[in-house]
Amino acid sequence: MDVGVVYCNHHSADLSVRERLAFNDRDQIGRACESLRDSFPAAEHVVLSTCNRVEVYSAGEQHDLPGQDEVAAFLSDFHGVPVREFADELLEARGPDAVRHLFEVACSLDSMVLGEPQIVAQVKQAYDEALTRAACGPLTNTLFQMAFRVSARVRSETSLAEGRVSIASVAVGEFGRSIFSRFDDKRVVVIGAGEMAEETVRYLADEGAKDVTVLNRNAERGKALADRVGGTYRPFSALETYLAAADVVVSATGSAEPIVSYERFKKARDCSRHQMFVLDLGSPRDFDPRIAAVDDGVFLYDIDDLKSTCDRNRRRRHREVERARVIIEDESRKFMQQIYHRATGPVVARLRAQWDEIRRDEVKLLMSRLETTSPRDRAAIEKSIERIVNKLLHPPLEVLRDEARSGPPTTLVSALQRLFKISD
């Protein structure tokens, strides 16, 4: 049994690549899970897609797992992106490295914003979608449930969750404050009505923002968000009007294509020249990146612009990171021991069954020659032979367990199969 992951993230790939490979909603993730399930039916699969990563986890027998080239072909077919345009951005991990990677993701050690709480919820959604689409199974179930437990342990035993621990908080606290000294007199326009948009507006409200307008294609969701944050809802068709007047724009729609082109933004800016802070949290991006050059009053930031600030925060919290890594290493080792032990199970079961059959046959033959033996003596003889068999089996099985603690006991399992003529 083995675990593998093929992925790209904010360490290995630019946003321009990640946004082309992203799965933009749960339905897309679900269809991706079904496609992997149908293409590689002997393996289990979970697809994780966030603004910072696209990852395909697989589990099963080693020869059944899709490799890097196969996952690249799958992503290419699904998104219609030529493999040559992203293959070099993909990374692959197997066995303990794959398990450790998932645990680091779930614990937000691999996040752009160290300690951010949203990622574990996103991992849970990915797992739930795979479960719904019948793409995962016993091994991935165990793996992801342990990932959630490890995340909870890191959050309770370290201080990673203290301070600014979300993209929204860093964006407002670091970038917004570098442009505006106050927000209570600023007009805030929010495009989208998801969790990221709401969280960012709440941070802006904590900084004093009062004038908030929510634009969303779905009126019901837009009005609900506006009510929760004390703002006003306006239809998405009014976007250009409100863009022209906005001081702060927060966009996180999950749209597959940019919703604000260079031309559309320039038209809105022709009506005004005041400073504007545009925070594009979409992946793919909601704004054409060229809008930053429309005029000197536009300050555009996207997900990748947060990286240097987040790296600086990470360096400041080196000690907590190391404490978290110790926990992750410990839990990764435990999980791999479970996998290796589980891999030996069929061989152990067949070996025991083989020897039990021999024991029963020999006891039966012996008893047929000892017809005058009392039932009590018969039971004692049978028990004695059973102990002998168990003692003979104990050394090879003990060695097998020891080997499984440190790695896959492939060589030893093969040797036992040959020595005792155990068929697969």
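Contact here means heavy atoms within 4.5 Å. The model is a predicted one, and the mean pLDDT of its protein chain is 86. In that chain, 92% of the residues reach 70 or more.

| Element | Residues | Mean pLDDT |
|---|---|---|
| Helix α3, highest | 68-79 | 96 |
| Helix α15, lowest | 410-419 | 67 |

**Helix α2**

Helix α2 spans residues 26-39, 14 residues in number. From its first C-alpha to its last, helix α2 reaches 20 Å, close to the 20 Å expected at 1.5 Å a residue. At the start of α2, the backbone nitrogen of Asp27 has a side-chain oxygen of Asp25 within 3.2 Å. The buried residues of α2 are Gln28, Ile29, Gly30, Ala32, Cys33 and Leu36.

**Nonpolar cores**

In soluble globular proteins, nonpolar side chains tend to be buried together. The largest nonpolar core of this model holds 63 residues. Within that core, Val3, Leu75, Phe103, Phe144 and Phe335 touch the most other members. The element that gives the most to this core is helix α6 (residues 138-157), with 8 residues. Apart from this core lies another, of 35 residues, including Cys51, Ala193, Ala209 and Ala252.

Which residues does Phe144 contact, leaving aside its neighbours within four places in sequence? Phe144 is in contact with Val46, Tyr57, Leu102, Val123 and Tyr127.

How values were computed:
Residues are numbered from 1 along each chain as its sequence is written. This is a predicted model: local features need pLDDT of at least 70, side-chain atom pairs count only at pLDDT 80 or more; totals for chains, interfaces and linings use all residues. Side-chain values use heavy atoms; hydrogens and water are left out. pLDDT is the predictor's confidence in each residue, from 0 to 100. Helices (H or I, at least four residues) and strands (E, at least two) are DSSP runs, numbered from the N terminus. A nonpolar core is a set of buried Ala, Val, Leu, Ile, Met, Phe, Trp, Tyr and Cys residues joined through side-chain atoms within 4.5 Å. Buried means under 20% relative accessible area, exposed over 50%, partly exposed in between (1.4 Å probe, protein chains only). The expected span of a helix is 1.5 Å times one less than its number of residues. A polar contact is a pair of N or O atoms within 3.5 Å; within protein, one must be able to donate a hydrogen and the other to accept it, and residues adjacent in sequence count only if both atoms are side-chain atoms.
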